[in-house]
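Reader: I have a structure open and would like to learn how to read it. Where should I begin?

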Amino acid sequence: IRGEHPRLAYAKWLVSDANFLTPRVIVNRYWQEFFGRGIVKTSEDFGTQGDRPSHPELLDWLANDFRANGWSLKKLHRTIVTSTTYRQDSK
């Protein structure tokens, strides 16, 4: 964006609707914290060299929900811990 400081322009792009990667990475990292493994196993490498998501529709849905709810980590955590997947027995 012309006339803005480059850092500010970058920050705005990171959270813009045009950038789908940021909410996916955040959601995947929190999923990994709760379950021990992310929807994308290679959470440190989300690029073309990384693994593909095991459940891409779930990752997209969670990322869109996260963004739609104002990037609320509290809401994201609640969504994960009240899910059927989280409440399943590990056996």
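Reader: How many helices and strands does the secondary structure of the chain come to?

Author: A word first on the source: this is a predicted model. The secondary structure comes to 5 helices and 0 strands. Read from the N terminus, the elements run α-α-α-α-α. Along the principal axes, the C-alpha atoms fill a box of roughly 55 × 30 × 20 Å.

Reader: Which residues make up the largest nonpolar core?

Author: A nonpolar core is built from buried residues joined through side-chain atoms. Here the largest one has 10 residues: Val 27, Trp 31, Ile 39, Val 40, Leu 59, Leu 62, Ala 63, Phe 66, Leu 76 and Ile 80. The elements giving two or more residues to this core are H2, H3 and helix H4 (73-81). H3 provides the largest share, 4 residues.

Reader: How do the axes of H2 and H3 cross?

Author: For a pair of helices, look at the distance between the axes and then at the angle. The axes of H2 and H3 come within 9 Å and cross at roughly 110°. Angles of 65 to 115 degrees count as roughly perpendicular, and H2 and H3 are therefore roughly perpendicular to each other.

Reader: Which residues of H2 meet which residues of H3?

Author: From H2 come Pro 23, Arg 24, Ile 26, Val 27, Asn 28 and Trp 31, and they meet Leu 58, Leu 59, Asp 60, Leu 62, Ala 63, Phe 66 and Arg 67 of H3. By class, this contact has 9 nonpolar, 1 polar and 3 charged residues.

Reader: Now the loops. Is Ser 43 buried or exposed?

Author: Ser 43 belongs to the loop between helix H2 (21-35) and helix H3 (56-68). The cut-off for buried is under 20% relative accessible area, so Ser 43, at 10%, counts as buried. The side chains of Ser 43 and Gln 32 are joined by a polar contact of 2.7 Å. Not counting residues up to four places away in sequence, Ser 43 touches Asn 28, Arg 29 and Gln 32.

Reader: What is the relative accessible area of Asp 51?

Author: Asp 51 is also a residue of the loop between H2 and H3. Its relative accessible area is 39%, so Asp 51 is partly exposed. Sequence distance and spatial distance should be read separately: Asp 51 and Val 40 are 11 residues apart in sequence and 6.1 Å apart in space, C-alpha to C-alpha. Asp 51 touches Val 40, Lys 41 and Thr 42, with residues up to four places away in sequence not counted.

Reader: Where is Asn 19 found?

Author: Asn 19 is in the loop between helix H1 (6-14) and H2. With a relative accessible area of 4%, Asn 19 is buried. A polar atom of the Asn 19 side chain lies 3.3 Å from the backbone oxygen of Leu 14. Apart from residues up to four places away in sequence, Asn 19 touches Trp 13, Leu 14 and Arg 67.

Reader: What percentage of contacts join residues at least 24 apart?

Author: Among contacts in the chain between residues at least 6 apart in sequence, the figure is 46%.

How values were computed:
Residues are numbered from 1 along each chain as its sequence is written. This is a predicted model: local features need pLDDT of at least 70, side-chain atom pairs count only at pLDDT 80 or more; totals for chains, interfaces and linings use all residues. Side-chain values use heavy atoms; hydrogens and water are left out. Buried means under 20% relative accessible area, exposed over 50%, partly exposed in between (1.4 Å probe, protein chains only). A polar contact is a pair of N or O atoms within 3.5 Å; within protein, one must be able to donate a hydrogen and the other to accept it, and residues adjacent in sequence count only if both atoms are side-chain atoms. Contact means heavy atoms within 4.5 Å. Axes are lines fitted to C-alpha atoms, for helices over the stretch in contact, and angles run from 0 to 180 degrees between N-to-C directions. Angles under 35 degrees count as roughly parallel, over 145 as roughly antiparallel, 65 to 115 as roughly perpendicular and the rest as oblique. Ala, Val, Leu, Ile, Met, Phe, Trp, Tyr, Cys and Pro count as nonpolar, Asp, Glu, Lys and Arg as charged, and the others, Gly among them, as polar. A nonpolar core is a set of buried Ala, Val, Leu, Ile, Met, Phe, Trp, Tyr and Cys residues joined through side-chain atoms within 4.5 Å.
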